[in-house]
Amino acid sequence: MLIIHSDRTRQRRTQTELSGGELVSPFECPERVDYIIQRARDAQLGDIREPMEHGIDPVLAIHDRGYIDFLSTAWQHWKADGHAGEAIANIWPTRRMPGRHIPRNIEGRLGYYALAGETSLTADSFESALLSKDIALTALDHVLDNGNSAFALCRPPGHHAAVDQFGGYCFINNVAVAAQRALDKGHQRVAILDVDFHHGNGTQDIFYARNDVLTLSLHGDPMDEFPYFLGFAEETGEGPGEGFNINYPLPSGTDYTTWAKHLELAKERISEFRPELLIIALGVDTFENDPISSFKLKSEDYLDVGHRIAALGLPTLFVMEGGYAVEEIGINAVNVLKGFSNA
Ligand code: OKP
Ligand code: ZN
């Protein structure tokens, strides 16, 4: 399988993540990619190529222009206001004070455009998000041109990013940008299956009222897990999109047997939809030793995950999302791809 990768993903090395009331060294770190690419090389998974630039238009096909302007200038404004640390949101529009205006002050703007406070915005954030999107789109080009599958080794991840919000380590929704691009290139139906431990709230929200993109997500029950406020089973889409969003919230402690049953349910729905392209939002934070998640998948289970996905028989674009057990992330992610390729 072709792999799209860039060493420039290393430029995103945030110093701080707000976690448990402390500023900790971020879980979403550059070493994640190092371990995956090393393992992909060792396993001779396939050719490794650099991403090509795809410009801003595919991003604006999904994200709000004001949001993108904010991302591109936020660091500059934050510095200009004399703040010492990385930019972290600390106030939000909430139930009793809905954000009817976009504040002038960068602290207010940060809160307006953030959906969570763990993700520090830094000098490299926008550039890194653009690079990540280029990795996804370069891999997509390959799938569209050749009809076979590819792996986009994206970092930072994307599935939490909404039309005009960042958070959960995500700035640009890579899978959404890729799906829209496939439609703009002539596809009629694209399915996005999100197997990351966390609900893909951004992806769900972006396509919620549409029936040309089927969104499905297996994840930790939002009653107990991030992002808490979206990802419930009753969220099935709206208007023309009714029936085109499917959530499988699962309890903490979920093991592979239970998880795989729900994967099969998702696959039935995908087959029924008859997509021309399948995009997998590939998080391996379902791993038993993941430091911020609570499922119980084992490294060898990921081979079977890949095998089961391959049984759909669809051109498939794998887009890297989460996974924070850094030393095992390479084994786990590459196992999915190996299982898929050897199916
Ligand atoms: C991003 B992706 C750690 C809490 C972390 C944010 C999780 C973002 C996950 N104390 N909360 O879906 O892997
Ligand atoms: Zn995750």
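Modeller: We begin with burial: a residue is buried if 20 or more other C-beta atoms lie within 10 Å of its own. The model before us is predicted. In its protein chain, buried residues make up 53% of the 343 residues.

Colleague: How many residues of helix H6 are buried?

Modeller: Helix H6, residues 174-184, is mostly covered, with 9 of its 11 residues buried. Among them are Asn 174, Gln 180 and Arg 181, as well as Val 175 and Val 177. Just after H6, Gly 186 takes a positive phi of about 115°.

Colleague: What is the secondary structure of the protein chain?

Modeller: The chain comprises 10 helices and 10 strands. Its radius of gyration is 19 Å, close to the 20 Å that the globule rule gives for 343 residues, so the chain is as compact as a globular protein of that length. Of the contacts with a separation of 6 or more, 76% join residues 24 or more positions apart.

Colleague: What is the order of the strands in the open sheet?

Modeller: Strands of a sheet pair through backbone hydrogen bonds, either parallel or antiparallel. Here 8 strands form an open sheet in the order S4-S1-S5-S10-S9-S6-S7-S8, with parallel pairing. Strands S4 (48-49) and S8 (245-250) stand at the edges with a single partner strand each, so one side of each is left without a neighbour in the sheet.

Colleague: Over how many bridges do S7 and S8 pair?

Modeller: Strand S7, residues 213-220, pairs with S8 in the parallel sense over 6 bridges. For Ser 217, the bridge partner in S8 is Asn 247.

Terms used. Residues are numbered from 1 along each chain as its sequence is written. Chains are lettered from A and ligands numbered from 1 in the order in which they are written. This is a predicted model: local features need pLDDT of at least 70, side-chain atom pairs count only at pLDDT 80 or more; totals for chains, interfaces and linings use all residues. Helices (H or I, at least four residues) and strands (E, at least two) are DSSP runs, numbered from the N terminus. The radius of gyration is taken over C-alpha atoms; the globule rule is 2.2 Å times the number of residues to the power 0.38. A residue is buried if 20 or more other C-beta atoms lie within 10 Å of its own, exposed if 12 or fewer, and partly exposed in between; C-beta atoms are placed from the backbone. Two residues are in contact if their C-beta atoms, placed from the backbone, lie within 7 Å. Two strands pair if DSSP finds at least two bridges between them.
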